[in-house]
Each structure stands twice: as structure tokens, then as C-alpha cells.
Amino acid sequence: MFTLDAFHLARIQFAFTVSFHIIFPAITIGLASYLVVLEGLWLKSRQTVYLDLWHFWSKIFAVNFGMGVVSGLVMAYQFGTNWSGFSQFAGSITGPLLTYEVLTAFFLEAGFLGVMLFGRNKVGPGLHFFATCMVALGTLMSTFWILASNSWMHTPQGYTIEQGVVVPQDWLKIVFNPSFPWRLIHMTTAAFLASAFFVGASGAWHLLKGNDTPAIRKMFSMALWMALVVAPLQAFLGDGHGLNTLEHQPAKIAAIEGHWENRPGEASPLILFGIPDMAEERTKYALEVPYLGSLILTHSLSKPIPALKSFAPADRPNSLVVFWSFRIMVALGLLMIALGVLSLWLRYRKRLFSSRSFLWFALLMGPSGLVAILAGWFTTEVGRQPWVVYGVQRTREAVSAHGDLHMSVSLLAFIGVYSAVFGVGYLYLMRLIKTGPLPGEGQHAEQGGPGQLRTPARPLSAVDNGQGGAQND
């Protein structure tokens with residue numbers, strides 16, 4: 001397929017399935033915590049607007065959760081089908097870590113998800129709130145174990161190699177490896193930001209359409225407060241994560257910066273834009289700012305940053321990919337900060353809900369959190385190459401012995417099936433969002449009992465039935 005061999009096709013297939021999958025958990029993590037906040041505010045204030053929003057976003061959460069579970073299972077099977085060399089070599093570590101995720105996160109979510117979505121009229125308010133908190137905790141615990149496994153692949157420790165196989169020695173060192181804390185908090189914050197901009201874009205769309213209700217205003221306002229506070233925090237966390245990467249994966253930093261060589265006694269410039277050329281070992285058309293690379297990455301005006309030519313050609317990541325994926329992530333982060341600051345100014349001027357140009361800005365920024373997450377993951381994973389376990393096992397040693405034809409057919413099948421199945425899921429989510437929170441929906445559902453008409457919690461029954469309202473049970 002396109003003259004690619006089975007190795008590169010396997011990498012593309014895994015990148016494709018991960019890119020589809022990561023979108024759903026990112027939204028699920030953020031929305032689960034958002035539901036906790038909404039229900040907590042309702043219990044405290046008894047303002048029905050919070051309950052209306054809870055019912056609305058719980059439907060979107062349910063659809064995202066389902067698609068995330070399905071896409072995650074498919075991705076997990078690829079460790080055995082396409083990357084059996086990795087599973088045989090490091091399965092003694094990654095296997096237990098993924099098992100811990102199932103035993104904690106999945107069991108917790110499965111145990112309380114039904115109560116959260118369908119049990120409001122079956123249990124008391126306190127127990128229902130507890131169920132919502134447990135579902136949110138489950139999403140965070142899933143993030144914990146997945147990132148522990150992935151971070152160990154970047155900064156492995158706590159193991160020995162016996163007869164060509166990794167043998168765990170210290171599980172605390174394995175789980176809490178050097179890059180894990182920064183990656184965990186950076187990814188979790190990214191999920192919160194992605195959800196905030198997702199919610200904010202939904203509110204902006206309704207306000208632009210003239211659907212100016214208290215619930216729409218409330219969710220739009222809450223999303224922008226989140227952006228104002230968390231976007232600058234994420235920039236700070238990203239700086240810390242970068243310093244950690246500089247210490248443990250210097251080749252990745254050199255590739256991100258497109259920096260090829262250092263001059264003795266000189267600080268490193270920051271290359272804003274350019275085209276890294278791996279064959280010519282230089283960054284073409286580079287636009288540089290003197291000293292700024294050293295200042296940002298070493299917090300010094302004299303220390304140089306790592307240069308790609310100091311690493312063997314076989315150990316260099318693809319600079320062209322990570323150079324631009326990193327800049328896409330940073331550019332979107334700066335736009336997020338700008339949106340948050342602008343929202344504060346418009347809030348002060350009492351034009352937050354009426355400025356159409358700002359509403360369009362917020363709407364267009366809706367996918368920015370998810371795009372930034374994808375760009376960040378491409379930076380992280382491509383930057384780890386050519387290692388699957390950094391410095392221990394090369395990616396070519398991890399791939400299964402499949403033929404080019406088999407991998408081509410399976411990749412095309414994945415593209416076709418994913419586009420059909422998850423494309424329908426995306427379209428359905430958009431229909432749910434366009435329906436919007438219905439005034440009094442939460443109170444109606446709260447008062448409804450067995451045999452009474454009420455707005456259903458089932459997502460598939462919640463879309464407008466073409467008669468201007470939601471279907472009833």
C-alpha cells in the first residue's frame with residue numbers, strides 16, 4: 001500500500017486507532033468531572049438550571065463513554081496482533097498495568113454508571129451524587145494506569161532483562177517512573193481543557209442561533225471560567241513537562257526544536273518556523289530568535305540545548321513531524337489563553353453573551369482542545385522513535401511478522417469501519433448538542449416516578465423527534 005512495508009503500515013494503523021480512541025476518553029474525563037460539579041451545585045443551591053445541564057451533558061457523556069470503550073478494546077488487541085514482539089518482551093509490565101486499570105477503573109465505572117444514568121428516581125440524591133463521583137473517579141483512575149504504562153515506555157525503570165525478556169523488580173519505580181507525574185497531570189489538564197472548549201462551543205452555537213436561555217448562559221460562562229484559569233496553568237505544566245523530557249529524552253527535544261548543532265560557548269536560538277530536513281541534517285528557511293531556545297528549555301542564557309547531530313542518525317526521531325506537531329499544540333494553547341483573557345474583559349463589559357465576533361471565536365475554538373491533544377500525542381510518540389521502550393527495545397524489534405498485503409488490507413478495513421461506525425457516532429453527538437438542554441427537564445425527571453411521563457435519560461431517546469421536543473417514555 002503506497003509502497004510502505006508492513007512495519008510502517010502497522011505504525012500507521014496503531015496511530016489511526018489511537019487518534020480515534022483518544023478523543024472519546026478526553027471528553028469523557030472532562031465531562032465526568034463536570035457532571036460532578038453540576039450535581040454538587042444543584043444539591044447545594046437547588047437551582048434547576050444545574051439539574052437541566054446535568055441531564056443534558058449526561059447523555060453526551062454516555063455516548064462518548066460507549067464509543068471510547070469500543071475503540072479502546074480494538075486498540076488493545078493490536079498489542080497481540082501487530083506488536084507481538086513488544087508484548088513478548090515487555091508484557092510482564094504492561095499486562096499487569098492494564099489489568100489494574102480494568103480491576104479499578106472499569107469495575108468502578110461499570111458499578112456506578114447505571115446508577116448515575118438511570119437511577120436518579122431509584123436512589124436518594126446523596127447516593128446518586130456518590131455514584132456520579134465514583135464514575136468521575138473511575139475515569140481518572142483509568143488515566144492513571146494508562147499513563148503509567150505509557151510513561152514507563154518513555155522512561156523505563158524498576159526492571160531487569162533476563163533471557164531477552166523484561167522482568168519487573170520494583171513496581172513503585174515502574175508505576176512512578178520519572179516522566180509519569182508530569183505526563184499524568186499534563187494529560188488530565190488537557191482533557192479538562194478539551195471538555196471546557198467543547199462545552200463552550202456548544203453554548204456559543206446556541207447563543208448565535210438565538211437560543212439564549214439561563215442553562216445555555218450558565219454552561220457557556222462556566223466553560224470560559226475554566227479556560228481562563230486552566231489554560232495558563234497548562235502552559236506552566238507544559239514547561240515542567242518539557243524540562244523533564246529534556247532530562248530523560250534529549251533527542252526528542254532536539255527534534256522538536258529542529259536544532260542540529262551547537263557552537264561552542266553560544267546559547268541556542270529558538271527556531272519559530274522552518275522545515276527540518278532529515279537527509280540534509282538542517283532546518284531549511286529557519287526563522288530564529290537568538291538565545292530564546294536556551295532561555296525556555298534550560299532557563300539560562302548560556303546553556304545550549306541538545307543538538308540532533310550529537311545523536312547517531314539511527315537514534316534520531318523524525319524532526320519534521322514533531323517540529324510541527326509541537327508548534328500546532330503550542331499555537332492552540334496560546335489561542336486558548338487569549339480566549340480566556342478576552343472572555344474576562346467581555347464579562348467586565350457585560351458583553352460576554354452578546355458579542356457575536358467572540359461567540360464565533362469560541363465556536364471555532366471548540367475542537368481546539370482535541371486537536372491539541374492529538375498534536376501533543378504525535379509529538380510524544382513520534383518523538384520516542386526509533387524506540388518502543390526508550391533506549392531498551394527498538395520499534396522494529398516489536399512488530400509482528402505480518403506481510404505487506406495483510407497489513408494493507410487490515411488498515412483499509414479499519415479506515416472503512418471506523419469512518420462508518422464512529423462517523424455515525426459523531427453525527428449523533430452533534431444532533432444531541434443541537435437539541436440543547438431543555439428548560440425544566442431536570443426537575444421533570446427528578447419528580448417523575450414509575451409509570452409517569454418524563455424526559456428519558458437514555459441518549460438514543462433524547463434527540464428531537466422532529467416535532468420540536470424530546471421523545472418521552
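Which loop does Arg46 lie in? Here is a set of close-ups that starts with that one. Everything shown comes from a predicted model, where local features need pLDDT of at least 70, side-chain atom pairs count only at pLDDT 80 or more, and totals for chains, interfaces and linings use all residues. Residues are numbered from 1 along each chain as its sequence is written, and side-chain values use heavy atoms, with hydrogens and water left out.

**View 1. Arg46 sits in the loop between H1 and helix H2 (48-81).** Helices (H or I, at least four residues) and strands (E, at least two) are DSSP runs, numbered from the N terminus. Arg46 is not a glycine, yet its phi is positive, at about 60°. Most residues other than glycine have a negative phi.

**View 2. Helix H1 (residues 6-45) packs against helix H6 (residues 180-208).** The angle is about 80° and the axes are 8 Å apart, which makes H1 roughly perpendicular to H6. Axes are lines fitted to C-alpha atoms, for helices over the stretch in contact, and angles run from 0 to 180 degrees between N-to-C directions. Angles under 35 degrees count as roughly parallel, over 145 as roughly antiparallel, 65 to 115 as roughly perpendicular and the rest as oblique. Look on H1 for residues including Ile22, Ala26 and Tyr34, and on H6 for partners including Met187, Phe192 and Val199; contact here means heavy atoms within 4.5 Å. By class, this contact of H1 with H6 has 12 nonpolar, 3 polar and no charged residues. (Ala, Val, Leu, Ile, Met, Phe, Trp, Tyr, Cys and Pro count as nonpolar, Asp, Glu, Lys and Arg as charged, and the others, Gly among them, as polar.)

**View 3. H2 packs against helix H14 (residues 404-435).** Their axes are 9 Å apart and the angle is about 170°, so H2 is roughly antiparallel to H14. On the H2 side, the meeting residues include Phe56, Lys59, Met67 and Gln78, while H14 brings residues including Phe414, Tyr418, Gly425 and Ile433. The contact of H2 with H14 has 13 nonpolar, 4 polar and 1 charged residues.

**View 4. The largest cavity holds about 50 Å³ of space.** On a 1 Å grid over the protein atoms alone, a cavity is a set of points where a 1.4 Å probe fits but cannot get out, and a pocket is an open set with protein on both sides within 12 Å along at least five of seven lines; lining residues have an atom within 4 Å of a point. Grid points are joined across faces, edges and corners, and a volume is the space filled by probe spheres set on the points. There are 2 cavities of 30 Å³ or more. Among the residues lining the largest cavity are Phe197, Leu224, Leu339 and Ala362. H6 gives the most to that lining, with 4 residues, and the lining divides into 8 nonpolar, 1 polar and no charged.

**View 5. The second largest pocket has a volume of about 1300 Å³.** Its lining has 44 residues, and His186, Gly238, Phe326, Met329 and Val330 lie nearest its centre. H7 gives the most to this lining, with 10 residues. By class, the lining of the second largest pocket splits into 25 nonpolar, 14 polar and 5 charged.

**View 6. Strand S1 (residues 159-162) and strand S2 (residues 165-168) pair in the antiparallel sense.** The pairing runs over 4 bridges; two strands pair if DSSP finds at least two bridges between them. Thr160 has Val167 in S2 as its bridge partner. This hairpin has 2 residues between the strands, and Gln163 takes a positive phi near 55°.

**View 7. S3 and strand S4 (residues 282-289) run antiparallel, joined by 6 bridges.** Asp277 has its bridge partner, Arg282, in S4. With 4 residues between the strands, this hairpin has Glu281 at a positive phi near 55°.

**View 8. The peptide bond from Gln385 to Pro386 is cis.** Omega is near 10° for this bond, and most peptide bonds are trans. Pro386 has its place in the loop between H12 and strand S5 (387-389).
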